[in-house]
Amino acid sequence: MQTLDTFDWITISIYFAILVGIAIWVIKKKNTNTEDYFLAGRNVGWFVVGASIFASNIGSEHVVGLAGAGAGDKLPMLIYEIQAWVVLILGWVFLPFYARSGVFTMPEFLEKRFDARSRWVLSIFSIIAYVLTKISVTIYAGGIVVAALLGIDFWTGALGTVVLTGLYTVLGGMRAVVYTETLQAIILVIGAAALTIIGLDRVGGWESMTDTIGPEYLNMWRPMSDPNFPWLPLLIASTITGIWYWCTDQYIVQRALTARNIKEGRRGTIFGALLKLLPVFLFLVPGIIALTLKMRGELEWDSPDEAFPVLMSNLLPSGLRGLVAAGLLAALMSSLASVFNSCSTLFTVDIYKKLRPNTPEKKLVRTGQIATVIIVIIGIVWIPIMANISGVLYEYLQSVQSYIAPPITAVFLLGIFSKRINAKGAFVTLITGLIVAAIRIILELVKSSLDPDGILFFIGNLNFLSFASWFFLFCVLLIVAVSLLSPAPSSEKIENLTYQTISEEEKRNNKVSYSWVDIAVSVVIVVIVAGVMIFFNGA
């Protein structure tokens, strides 16, 4: 691998100078209350909302992991990256309910729709999930990227980036996060697009690349007998995880809640969905290019997770290499900033404020800052344990998310689509789901010591996609059964919180919050997603 030269460092320095300038500008705008600190005063436009959604999603685990999936014969994982249609569901289906209820957090919405018990469970559930997936994976992938780019050791790179990102997140709050993410999204797209174009040129174009790796390699649809990615469980599990991640997870939804109204929020999600079409071409394809060059003996790397950094350092000219390096650092920092802010929001609004309702606004902001620091430390401690679960980083992320997503997706979906679902059904489903997810993760870790013919080995060894699919069905049946066996919620409790209870006035308000342009762009996005799914069929 080539190291960065003077021009590269100049490019990176310019990026950091602009980033610091934005951060200082935002920090000077005082965060006087929790709405300012956690939701940027609810006054953000659609462009910043969409760019922030995209930048939050695309962390270094995507850059490293998705390219690794492309280089490591795991193309079916692509299905998680063409979920632009699920981002549209956030804007068209879920966001109006969240905006109408005036909530800061997703657990807070569950309290309004169900009761305080569900709020407590989801708050703790979400913070644990962030530590298990987002924080530790982002720091781990970031350490790999920074070490490879800057020629320093893993822990120095990981911890240095964490401290720098934590600093502006703690001081500037959500406003600092969304505005820096807009810059980071632009840098990331330009840098990765340059690598894809130059890489395709180097391998002689798409057809030449396909000839080297074989057309079957580009098939994301594996037969049902495939031990790793059977197509039907892949389709079901990725949709369940997608709805949880894009439509009910604080990490993403908080960006849409910063919008000044439903119209700007929905347009932000549509713009975010449009950007979400890019990762396939920006990160997965470079992984395939790296594999092609390795098969031709023109490139060398040991692990698929190294494919993107190695390709970048060997293919790109001076200066441009620095731009892509800045893009990778941007991806890492935007994801870390997002999860730091979301964690502090969850802890402060859903736990601390609930226990101490009379706490002054200024003290709540300070509490969120302290919570951020503690959660980062826990995430760093988890990294060595995480390395044991799965060889490929991206697959690890999806497998753990597949265990967390089913109960939450079931509760939110049925909660807004059925007025009969009640608080008891939601609470039992969330608690049971948390226990089952924990059991599955533990059994997967210790399955080598279990009896191969026993039920515990079967549960721990069952394909994670199949497990998620059956787990979701179980959660749906559980919430329906418990709800039907207990009293229905009162009509006052669920007014405007389910589709059957929306008032005529709210229906009229919703109709004027979009135009034919919003509908047309949404349809185009769905058509492109279908086209990508059909294209990657190995033919």
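In helix α11, the buried residues are Gln250, Tyr251, Ile252, Val253, Gln254, Arg255, Ala256 and Leu257. Buried means a relative accessible area under 20%, exposed means over 50%, and partly exposed lies in between, with a 1.4 Å probe and protein chains only. Helix α11 covers residues 250-257 and is mostly covered, as eight of its eight residues are buried. Helices here are DSSP runs of H or I with at least four residues, strands are runs of E with at least two, and both are numbered from the N terminus.

The model is predicted, so local features need pLDDT of at least 70 and side-chain atom pairs count only at pLDDT 80 or more, while totals for chains, interfaces and linings use all residues. Residues are numbered from 1 along each chain as its sequence is written, and side-chain values use heavy atoms, with hydrogens and water left out.

Asp249 lies in the loop between α10 (231-248) and α11. Asp249 has a relative accessible area of 2% and is therefore buried. Leaving aside neighbours within four places in sequence, Asp249 is in contact (heavy atoms within 4.5 Å) with Met106, Tyr130, Lys134 and Trp244.

The next topic is how helices pack. Two packed helices are described by the angle between their axes and the distance between the axes. The axes are lines fitted to C-alpha atoms, for helices over the stretch in contact, and the angles run from 0 to 180 degrees between N-to-C directions. Angles under 35 degrees count as roughly parallel, over 145 as roughly antiparallel, 65 to 115 as roughly perpendicular, and the rest as oblique.

Take helix α13 (residues 279-295) and helix α14 (residues 307-315), whose axes come within 9 Å and cross at roughly 75°. Because of this angle, α13 is roughly perpendicular to α14. On the α13 side the contact is made by Leu282, Phe283, Pro286, Ile289, Ala290 and Leu293, and on the α14 side by Ala307, Phe308, Leu311 and Leu315. By class, these are 10 nonpolar residues, with no polar and no charged ones. In this classification Ala, Val, Leu, Ile, Met, Phe, Trp, Tyr, Cys and Pro count as nonpolar, Asp, Glu, Lys and Arg as charged, and the others, Gly among them, as polar.

Helix α15 (residues 320-355) packs with α3 at an angle of about 100°, and their axes are 7 Å apart. The two helices are therefore roughly perpendicular to each other. Ala55, Ser56 and Asn57 of α3 meet Ser334, Ser335 and Ser338 of α15 in this contact. Its residues divide into one nonpolar, five polar and no charged.

Helix α15 also packs with helix α6 (residues 106-113), at an angle of about 50° and with the axes 8 Å apart. This angle makes α6 oblique to α15. The residues in contact are Pro107, Glu108 and Glu111 of α6 and Leu346, Val349, Asp350 and Lys354 of α15. Three of them are nonpolar, none is polar and four are charged.

Back in α3, the helix that holds Val48, this residue has a relative accessibility of 13% and so counts as buried. Not counting residues up to four places away in sequence, Val48 touches Val178, Tyr179 and Thr182. Val48 and Ile197 are 149 residues apart in sequence and 27 Å apart in space, C-alpha to C-alpha.

Aromatic rings give another view of the model. The structure holds 21 aromatic pairs. Rings of Phe, Tyr and Trp (its six-membered ring) pair if their centres lie within 6.5 Å; planes under 30 degrees apart count as stacked, over 60 as edge-to-face and the rest as tilted. One of the pairs is formed by Trp46 and Phe271, edge-to-face, at 5.4 Å centre to centre and with 90° between the planes. This pair links distant parts of the chain, 225 residues apart: Trp46 is in helix α3 (residues 46-57) and Phe271 in helix α12 (residues 262-276). Trp46 counts as partly exposed, at 36% relative accessibility, whereas Phe271 counts as buried at 16%.

Tyr98 and Phe412 form another edge-to-face pair, 6.5 Å centre to centre with 85° between the planes. Tyr98 lies in helix α5 (residues 84-101) and Phe412 in helix α17 (residues 393-417), 314 residues apart. Tyr98 is buried at 1% relative accessibility, and Phe412 is buried with a relative accessible area of 1%. Ring pairs link Phe94, Tyr98, Phe109 and Phe412 into a cluster.
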